[in-house]
Amino acid sequence: MKSSLSLFSLSLFVFLFSSLGASKALAQADFDMSKPPYFCSQELGKLPVQQGGRVKPIEVHAREVVKYLTGKTSAEGYSATVLYCLLSLEGLDLSAGFKLNHKIEHVKVRELLGDKEVSIIPYDDLVAKAEVLRIERQRLTVDDGYKKAVTKALNQAMLYQEIKIGQNWTLPLMNGPDVAWIPLTSFLTEERVLKQNPNTSAPNPFHGALFEAKSLYEQFHGTKHNIEFIFASIGFPSVGLIICLLALAALTLFKRFTLALVLSALTVLLQTVYFVFRIYISERAPVTNMYETVVFSGYSALILAMFLGHFKKEKVYLYMGLGYNVMCLMMTNFAHGMLSPGISPLVPVLRDNFWLSTHVTVVIMSYGAYALSWILANTVLFKKRFGTLTSRDELYYSDIIYTCIKWGSVLIAAGIILGGVWADYSWGRFWGWDPKETWSLIVFCLYIAILHGRYTNWIPTHRFVVFSAAAFMSVMMCWFGVNYILASGLHSYGFSEGGALFLGSFFLIQTVFIIMTIPFMKSDSSKTQTA
Amino acid sequence: MALNYQKIERTLGGLKLAVILILLFSLMMTIGTFVESYYGTEFANRVLYKRFPFMFLQFGMFVSIFFAAFVRLPPKKRLYGFYTIHSGLIMIACGSFITWYAGIDGNVLLHPNEPARMVYLDQDVFKLNFPDEGLAVEKRLPYRAFSTTIDASYEGLTLKQYFPYADLQLVWESSNRAPSEVALPSIQHSTQYMLYNENVSEEMLMSLHPEAIQFESSLSMGPLSLHYLPGPLVECFNHTNESKLIIWNSFSRTCTTPEELGIQVQQTSSGNRFLVMKDKESVYSFFPEHSPYPLSADFNSVLREAPVRLFNRALFETEPHLFLFGKSVAYFDREQEKWITSTYDESVSSHISLPWMGLKIALIRHEESLVPKRRPIAVLPIQKNNELIQGRERALEIQAQDQSFWVTNNEPLSLMINGRRVEIYLTKETLTLPFEFVLTEFKMDTDPGTANPASFESFVKLFTSEGAHNHHIFMNNPLKHEGFTFYQASYSQNPNTGLYSSTLSANVDQGRFLKYLGSLFLVLGSAWHYQITKKNKRLTPSSPLIAGLQSSVTDEKPTSGVQS
């Protein structure tokens with residue numbers, strides 16, 4: 001076990017420092033103002049920029065922008081920061097040396113822009129056709145997928161254009177403690193660059209001017225963007241996923257429970273650090289958009305699983321917690337179309353840290369507890385369908401499912417009530433049949449119906465397991481469906497695209513799986529006699 | 001008999017009924033959320049949440065919860081948690097009932113520096129005002145989601161149909177009045193236009209028809225002013241005379257200029273231009289900088305009925321003004337420094353480009369004599385982004401003296417019935433507060449570098465019998481006064497003045513304490529319940545679920561049931 005641990009930490013070390021090391025090497029490379037990448041380097045990622053209603057490091061902003069434009073965090077062989085810098089320098093008539101391409105996803109948008117077969121066009125061509133898109137958006141009245149695609153293409157074109165004329169990259173110009181954010185093209189004057197002392201530590205006078213603005217800004221407004229730069233560079237989601245996967249592998253494949261437990265603790269520790277960073281940067285409870293709730297539910301479910309596992313002296317809890325956390329981390333790593341990792345300002349009504357950190361966290365924890373029951377219920381069904389499971393074991397595991405549902409129900413009841421109190425406190429009504437409210441009550445009611453039925457043995461064990469697996473679909477509806485399918489109401493802050501497809505697939509797979517297990521529902525009756 | 005009592009109580013308090021009710025409740029709520037997402041919150045309330053079947057179901061759940069606890073009396077120690085949960089639920093139900101029965105939930109609209117003491121409630125009402133007699137009648141309209149026939153009469157008016165959700169549809173009708181006997185009929189054309197650019201589009205209908213009371217002949221859209229004028233007047237804008245004055249004769253429908261008529265434009269000692277012209281027997285004096293109407297020869301009266309008017313085009317050259325003449329338009333182009341007139345050609349999609357913000361104006365329909373009217377039609381509402389995009393009007397059909405009229409919430413009706421003047425309003429029920437508010441300041445902060453609101457706050461002055469107090473109301477910081485609680489709900493901005501108005505939600509909730517206490521009981525009770533009923537007997541699996549995951553507890557005697 002020791003060897004695997006050290007091996008693991010080594011890989012973590014390499015993982016953590018490779019990105020930092022690379023940036024250092026780039027910064028010290030000789031710069032050549034005659035050809036790309038000019039003075040653009042990873043080092044510039046540390047500069048503060050005000051975009052999207054807050055101040056953040058260029059690195060974070062560039063990743064969001066490049067991701068939005070290309071769907072990837074690097075393109076044309078450059079990292080996000082360097083790419084962003086090169087595009088911005090076109091505003092100063094320095095050629096980037098490449099043409100950034102736009103991928104047209106929607107067939108009808110391709111038709112609109114000229115050719116059904118052409119799916120990739122240079123962004124410059126898209127900008128030239130922005131008028132066509134704008135008129136089309138104006139013409140369309142139905143808010144369907146096509147209109148969304150047109151709007152997105154138009155927004156991408158506008159953003160690209162704004163970057164290319166050097167207006168998107170803003171720099172702080174200090175006037176005493178007051179800060180004015182001015183675009184790069186206005187900031188990078190000859191005078192400002194030339195007055196730089198060649199003997200400073202900056203590798204070139206451009207860096208000198210840019211970093212001088214940074215340090216002046218920091219004198220009055222702190223260095224939070226530097227912390228966020230470190231936060232962004234560490235790559236928490238991927239590191240967390242790797243550790244959590246290793247823990248799950250240690251538990252299920254290598255059957256090393258102690259190792260799995262240590263790795264689980266490490267995952268929790270890492271995610272705690274992650275949340276501390278995020279709370280520090282955003283100054284609020286880390287449960288304000290879909291992305292954060294997914295991370296938090298996985299995290300809280302793992303903690304709950306470790307807690308229950310400890311007190312119930314039952315190892316299967318750890319399996320449930322790890323399994324669910326891995327799924328959540330997978331989503332945060334790979335489902336960026338649906339879950340946006342960016343930190344953006346909140347709508348005014350949510351700006352209350354006390355209620356955010358009580359109501360929302362409790363509700364998300366309840367989802368986590370229900371998710372634990374869902375994992376185990378499906379595993380039991382899987383075992384019965386494709387393996388063997390005695391009825392006594394089924395009873396034993398259904399008892400664990402029951403425990404998780406109990407936790408989930410107490411938490412969601414508390415969460416609903418806290419939400420009611422918050423609504424009462426800030427809008428003057430305890431209950432208003434808002435879709436999120438209503439769906440959380442539906443979740444509570446369905447699970448309560450199951451618990452009541454189970455309590456009196458009205459629902460037999462084999463049906464209880466199926467119901468537990470199926471009932472989680474209501475949680476998914478409440479959690480994602482209200483935002484992605486119903487998309488209305490006071491809680492619709494987390495809206496983003498692509499969620500409806502994800503949710504539909506989830507419902508389909510879960511339903512098909514349950515139907516598959518129906519013929520085997522009672523197959524253990526024969527074994528009961530032998531057991 | 002005693003046996004029957006017990007039987008009924010056991011059925012009502014039974015788990016089967018409970019589970020059936022819970023599932024039915026969940027099903028109805030599921031339907032409700034979908035209805036809500038398509039048709040809007042208010043529609044869902046009107047069709048489901050605040051209707052008898054759903055409320056009766058909730059009452060059924062209340063009965064079930066009550067009897068479930070009742071049949072399990074006298075108290076048993078292992079059920080203490082259970083009793084707590086159920087009494088909590090009963091308290092919440094009672095508290096909600098009190099709120100529903102006696103609570104107040106409305107809105108107060110505060111305009112800057114205007115005192116307000118009206119709370120607008122949810123109930124639709126119609127009001128009849130007889131201003132001459134000081135008589136007022138107010139009646140509640142049914143709380144329905146679909147159109148309903150009312151058939152009730154008040155003061156000689158019969159209420160016919162009521163549409164809780166309606167849209168106004170444009171209809172063109174022929175005039176009710178007999179055609180004029182005058183050789184030259186009056187000009188009464190109407191035109192529908194679309195004004196648009198890359199970002200916005202606005203349809204508008206302008207009319208000169210005397211019966212088209214719902215439509216204007218002048219509009220302003222931000223800085224742009226639109227003037228709808230009789231078609232032949234377009235000729236006036238083709239003149240390039242130096243004085244920029246045009247003389248319009250509305251009898252002969254001809255346009256001339258002082259230059260053409262050889263009239264000299266003179267100046268007063270204070271520098272104002274004036275001119276005197278003779279038309280047939282009359283002498284008119286004009287002061288073009290001040291009025292298009294002539295003064296009488298002795299300067300004592302304004303002759304509004306005179307057939308001759310004087311337009312000073314110079315007045316319309318600094319700001320954007322668009323003159324519409326049905327099939328033609330005229331405007332002053334500041335770059336070319338001249339007046340441009342253009343006429344639509346016959347093609348359907350013809351448009352005219354304007355020199356402001358890339359605006360274009362297209363002609364949609366032009367009618368010489370038909371009357372445009374907006375008629376309400378009943379529709380299903382559609383909600384998008386928390387706002388109704390269809391069915392925003394409420395409309396009521398009223399019959400008076402064999403004629404039918406429509407009154408909507410946005411358009412009150414004024415009628416003469418048997419010589420009595422009557423005003424008819426479709427509005428919300430109001431409640432008058434025993435105190436008064438004035439919005440002294442409204443503050444909105446935005447996120448840095450964006451236009452997204454970060455917070456909005458109302459500074460109000462509250463006038464009570466004890467004097468005036470200043471209060472600061474913002475999100476998550478309501479004002480409590482005399483049993484009312486006022487919350488910052490929303491705001492709006494007057495597009496002309498730029499001043500903000502604030503909407504507070506006003507609330508009285510007598511059931512609050514009971515609901516909170518019940519909630520506390522519910523949560524603590526369920527935790528307690530699961531603590532008490534925690535199994536002390538444990539099972540062990542014969543084989544681990546995941547290979548290698550052997551449970552760490554030692555085997556104990558297996559039991560058959562989960563719990564008893």
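User: How many residues does helix α16 of chain A have, and what span does it reach from its first C-alpha to its last?

Analyst: An α-helix has 3.6 residues a turn, so residues three or four places apart point the same way. In this predicted model, α16 of chain A covers residues 353–386, which is 34 residues. Its span from first to last C-alpha is 47 Å, close to the 50 Å expected at 1.5 Å a residue.

User: Is α16(A) mostly covered or mostly uncovered?

Analyst: Mostly covered, with 24 of the 34 residues of α16(A) buried. A residue counts as buried if 20 or more other C-beta atoms lie within 10 Å of its own. For chain A, with its 531 residues, the buried share is 48%.

User: How many residues of helix α3 of chain A are buried, and what do they pack against?

Analyst: In α3 (residues 80–89), 10 of 10 residues are buried. Among them are A:T81, A:Y84, A:C85 and A:S88. The buried residues of α3(A) pack against helices α2 (58–70), α7 (145–164) and α8 (184–187), and against strands β3 (74–75) and β4 (78–79), of chain A.

User: Which domains does the assignment give for chain A, and how far apart are their centres?

Analyst: The domain assignment of chain A lists domain 1 as 31–224 and domain 2 as 351–530. Their C-alpha centres lie 43 Å apart.

User: How many residues does each chain bring to the contact between chain A and chain B?

Analyst: The size of an interface is often given as the accessible area lost when the parts come together. Here the count is by residue: 65 come from chain A and 64 from chain B. On the side of chain A, the elements giving two or more residues include β1 (48–51), α6 (130–139), α15 (316–334) and α16. The most comes from α17(A), with 17 residues. By class, that side of chain A has 33 nonpolar, 15 polar and 17 charged residues.

User: In chain B, how many bridges join β31 to β30 and to β32?

Analyst: In a regular strand the side chains alternate between the two faces of the sheet. In chain B, 3 bridges join β30 (479–481) to β31 (484–493), and the two strands run antiparallel. B:K480 has B:T485 as its bridge partner. Another 8 bridges join β31(B) to β32 (500–508), also antiparallel; there B:Y487 is partnered with B:S505.

User: What lies in the turns of these two hairpins?

Analyst: Between β30(B) and β31(B) there are 2 residues, and B:E482 in that turn has a positive phi of about 45 degrees. Between β31(B) and β32(B) there are 6 residues, and B:G498 in the turn has a positive phi of about 75 degrees.

Definitions and conventions. Residues are numbered from 1 along each chain as its sequence is written. Chains are lettered from A and ligands numbered from 1 in the order in which they are written. This is a predicted model: local features need pLDDT of at least 70, side-chain atom pairs count only at pLDDT 80 or more; totals for chains, interfaces and linings use all residues. A residue is buried if 20 or more other C-beta atoms lie within 10 Å of its own, exposed if 12 or fewer, and partly exposed in between; C-beta atoms are placed from the backbone. Helices (H or I, at least four residues) and strands (E, at least two) are DSSP runs, numbered from the N terminus. The expected span of a helix is 1.5 Å times one less than its number of residues. Two residues are in contact if their C-beta atoms, placed from the backbone, lie within 7 Å. Domain bounds come from an automatic or database domain assignment. Ala, Val, Leu, Ile, Met, Phe, Trp, Tyr, Cys and Pro count as nonpolar, Asp, Glu, Lys and Arg as charged, and the others, Gly among them, as polar. Two strands pair if DSSP finds at least two bridges between them.
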